[in-house]
Amino acid sequence: MKIRITAVRKASYPDLMAKYENPIEHTCDVLEEQEWISVDGKCPEGMCPSAWGSMREFVEALARGEGNFFDGWMKNPLSAMISCNDGFRPVSFYIEVI
């Protein structure tokens with residue numbers, strides 16, 4: 001089964017970065033509206049490993065034909081909205097069966 005993963009929003013918290021993060025040169029490359037396709041629950045090429053770690057269980061479940069997470073959480077029961085685990089610049093991903 002194919003699952004589309006779409007980056008729908010990218011946030012940034014400069015105040016938290018200034019307070020807690022050491023300066024880094026390279027941060028997230030993900031762009032809003034960027035898409036990936038997972039086939040049979042596998043990590044798509046070019047997907048951020050950290051983001052994949054946050055969404056993998058949901059993608060794998062959707063690829064197995066499961067859904068309706070948390071008893072009706074999403075309007076589309078064959079989808080999920082997951083954010084990566086970067087607390088300074090989180091990206092929200094919409095995951096859906098196609």
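Is arginine 89 buried or exposed, and with what relative accessible area? Arginine 89 is buried, at a relative accessible area of 9%, where buried means under 20%, exposed over 50% and partly exposed in between (1.4 Å probe, protein chains only). The model is predicted: local features need pLDDT of at least 70 and side-chain atom pairs count only at pLDDT 80 or more, whereas totals for chains, interfaces and linings use all residues. Residues are numbered from 1 along each chain as its sequence is written, and side-chain values use heavy atoms, with hydrogens and water left out.

Arginine 89 is placed in the loop between β3 (79-83) and β4 (91-97); helices (H or I, at least four residues) and strands (E, at least two) are DSSP runs numbered from the N terminus. Its side chain makes polar contacts with the side chains of glutamate 21, at 2.8 Å, and aspartate 86, at 3.0 Å. A polar contact is a pair of N or O atoms within 3.5 Å; within protein, one must be able to donate a hydrogen and the other to accept it, and residues adjacent in sequence count only if both atoms are side-chain atoms. Leaving aside residues up to four places away in sequence, arginine 89 touches Ala11, Ser12, Met17, Glu21, Ile24, Thr27, Cys28 and Cys84, contact meaning heavy atoms within 4.5 Å.

Side chains of opposite charge can pair when their charged atoms come close. With a salt bridge defined as a side-chain nitrogen of Lys or Arg within 4 Å of a carboxyl oxygen of Asp or Glu, the count comes to five. One of them joins arginine 4 and glutamate 96 (3.0 Å, N to O). This pair links distant parts of the chain, with arginine 4 in strand β1 (residues 2-10) and glutamate 96 in strand β4, 92 residues apart. Arginine 4 is partly exposed at 25% relative accessibility, while glutamate 96 is buried at 16%.

A salt bridge is also formed by the side chains of arginine 89 and glutamate 21 (2.8 Å, N to O). Glutamate 21 lies in the loop between α1 (14-20) and β2 (35-39) and arginine 89 in the loop between β3 and β4, so the pair ties together parts that are 68 residues apart in sequence. Both residues, arginine 89 and glutamate 21, are buried.

Within helix α2, arginine 56 and glutamate 60 are four residues apart, about one turn of the helix, and their side chains meet in a salt bridge at 3.6 Å, N to O. Arginine 56 is partly exposed at 37%, as is glutamate 60 at 27%. Salt bridges that share partners join Glu21, Asp86 and Arg89 into one network.

Rings of Phe, Tyr and Trp (its six-membered ring) pair if their centres lie within 6.5 Å; planes under 30 degrees apart count as stacked, over 60 as edge-to-face and the rest as tilted. The whole structure contains five aromatic pairs. Phenylalanine 58 and phenylalanine 69 form an edge-to-face pair, 5.0 Å centre to centre with 75° between the planes. Phenylalanine 58 lies in helix α2 (residues 49-63) and phenylalanine 69 in the loop between α2 and β3, so parts 11 residues apart in sequence are tied together. Phenylalanine 58 is buried at 18% and phenylalanine 69 is buried at 15%. The ring centres of phenylalanine 58 and tryptophan 73 are 6.3 Å apart and the planes stand at 55°, so this pair is tilted. Tryptophan 73 is partly exposed at 36% relative accessibility. Ring pairs link Phe58, Phe69, Phe70 and Trp73 into a cluster.
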